[in-house]
Amino acid sequence: MKEILQKLNGEISRLTNKTFKFDERIGEGWFSAVYFLKTNDIVKKHVADNTVTMQFFQKSHAVLCGTDEAIALIHTFAEDPGSLEIYSLKDGDRVSPFEPVLTISGPYQEFGYLEGIIDGILARRTSVATNVYNVVKAARSSGKQKPIIFMGDRDDHYTQQAGDGYSAFIGGSTAQATHAMNEWWGKAGMGTMPHALLQMFKGDVVAATKAYQEEFPEDELTTLVDYNNDVIGDSLKVAREFGDDLKGVRLDTSRTLVDKYFLRNEHLMGTFDPRGVNPELVFALRKALNKERYNHVKIIVSGGFSEDRIRHFEENKVPVDMYGVGGSLLDITIGFTGDNVLLNGEQEAKQGRKYTPNPRLEKVDFVPGH
């Protein structure tokens, strides 16, 4: 059983290294800034008897993510993790600017070299979770929640997929493009067909869809319809061929192209940008499908969608049923800072920083073997 299911069932309070599978070189300092390693050596030799409290915060309104991972990191690589006192918020908590989200108290030399890694975990995970949360929120601004497919596999290094997928899950995305994106939270990846499949069938959307249905009959049949830059013509072709079996069509028109529908209807142009997947194209597609009684066919859009672009579509009641979003969700806009703020229980920090009690923080217990 995946740990996420144990957590959701209340059997464990947090995910552990059984989920995260950290690189063992973390314990050797391989991923820590060298000045942390040098500080560790100095502290061990000169001031080993001190206890410090390290406090982590960021400067935005955000959806927190990465706390389970950061705590698992500490419990895995601290010299004596059972002796540390850790307080933390939880993944998914809404946090305010400068609000402490995590504190660690204990001898510096037992955990201090992990500071930068913790900052990085919290920054990336919280940035992605917050980006996804904002996109999900935008996708319900018309009054109905539209699903968001997280399609970030082509926008970042593959090693980030599991963590980014978990962060997207925390932010509210429940459909993701790869199996790896779902590794930490339990589902399988989802998706239908890329342009490459259509290319193999020389742009014949009906033939490609027949082959897809034959190989994956259990899937909800969804066809990519922009390969020939004629989304309405190709959508109607597959709808007429597959009828009730066709569940959806996906538009992914390049932002540099104008769909052939507008070239056939030039009188419609002049008051809007006709390039790419635009509201007028989606309205026209919905009208064409409904006219031939294919009201059940859902419209999925992808290609350069962001929070602002989705909000524009939703505010204008564009009949989209699902959004596929990628690169915009991976912008790292939230940075975390770890500060030593208490020394032996007394305020001691660099100018401008201080220990800030946060009653929302919960004590974290150390469970050996986890």
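**Charge pairs and their setting**

Arg360 and Glu99 form a salt bridge, with 2.9 Å between the closest N and O atoms. A salt bridge here puts a side-chain nitrogen of Lys or Arg within 4 Å of a carboxyl oxygen of Asp or Glu. Arg360 sits in the loop between strand E13 (346-347) and strand E14 (362-364), and Glu99 in the loop between strand E4 (94-95) and strand E5 (102-106), so this pair ties together parts 261 residues apart in sequence. Helices (H or I, at least four residues) and strands (E, at least two) are DSSP runs, numbered from the N terminus.

The model is predicted: local features need pLDDT of at least 70, side-chain atom pairs count only at pLDDT 80 or more, and totals for chains, interfaces and linings use all residues. Residue numbers start from 1 along each chain as its sequence is written, and side-chain values use heavy atoms, with hydrogens and water left out.

How exposed or buried are the two partners? Arg360 is partly exposed, at 38% relative accessibility. Glu99 is buried, at 12%. The classes are: buried under 20% relative accessible area, exposed over 50%, partly exposed in between (1.4 Å probe, protein chains only).

Next comes a pair between helices. Asp164 forms a salt bridge with Arg125, and the closest N and O atoms are 3.7 Å apart. Asp164 belongs to helix H7 (residues 161-171) and Arg125 to helix H6 (residues 115-138), so the pair ties together parts 39 residues apart in sequence. Asp164 is buried, with 3% relative accessibility. Arg125 is buried as well, at 8%. Shared partners join this pair into one salt-bridge network, made of Glu69, Arg124, Arg125, Asp156 and Asp164.

Asp68 is in helix H4 (residues 67-77) and Lys7 in helix H1, so distant parts of the chain are linked, 61 residues apart. Asp68 counts as buried, at 1% relative accessibility.

Why can such pairs form? Side chains of opposite charge can pair when their charged atoms come close. Over the whole structure, the search finds 19 salt bridges. The protein carries 43 positive and 52 negative side chains, and the centres of the two sets lie 6 Å apart. Lys and Arg count as positive, Asp and Glu as negative; His and the chain ends are not counted. Each charge is placed at NZ of Lys, CZ of Arg, CG of Asp or CD of Glu.

Leu8 lies in helix H1 (residues 3-8). Leu8 is exposed, at 60% relative accessible area. Met1, Leu5 and Leu8 make a nonpolar surface patch of about 360 Å². Patch residues have over 30% relative accessible area and no salt bridge; like charges are joined within 9 Å, and nonpolar side chains (Val, Leu, Ile, Met, Phe, Trp, Tyr) within 5 Å. Accessible areas follow the Shrake-Rupley method with a 1.4 Å probe; for residues, only the protein chains shown count as cover.

Two basic residues stand out by backbone angle. Lys202 has phi near 55 degrees, positive in a residue other than glycine. Lys202 is in the loop between helix H8 (195-200) and helix H9 (205-215), and is exposed at 80% relative accessibility. Arg293 is not a glycine either, yet has a positive phi of about 65 degrees. Arg293 lies in the loop between helix H12 (279-291) and strand E10 (298-302). Arg293 counts as exposed, at 74%.

Helix H12 also holds Leu289. Leu289 is buried, at 0% relative accessibility. Leaving aside neighbours within four places in sequence, Leu289 is in contact with residues including Ser235, Leu236, Tyr294 and Ile299. Contact means heavy atoms within 4.5 Å. From Leu289 to Lys350 is 64 Å, C-alpha to C-alpha, and 61 residues in sequence.

The C-alpha trace spans about 80 × 45 × 35 Å along its principal axes. There are 13 helices and 14 strands. Of 370 residues, 49% count as buried. Among contacts with a separation of 6 or more, 71% come from residues 24 or more positions apart. The protein exposes about 18,200 Å², and carbon and sulfur atoms supply 50% of it.
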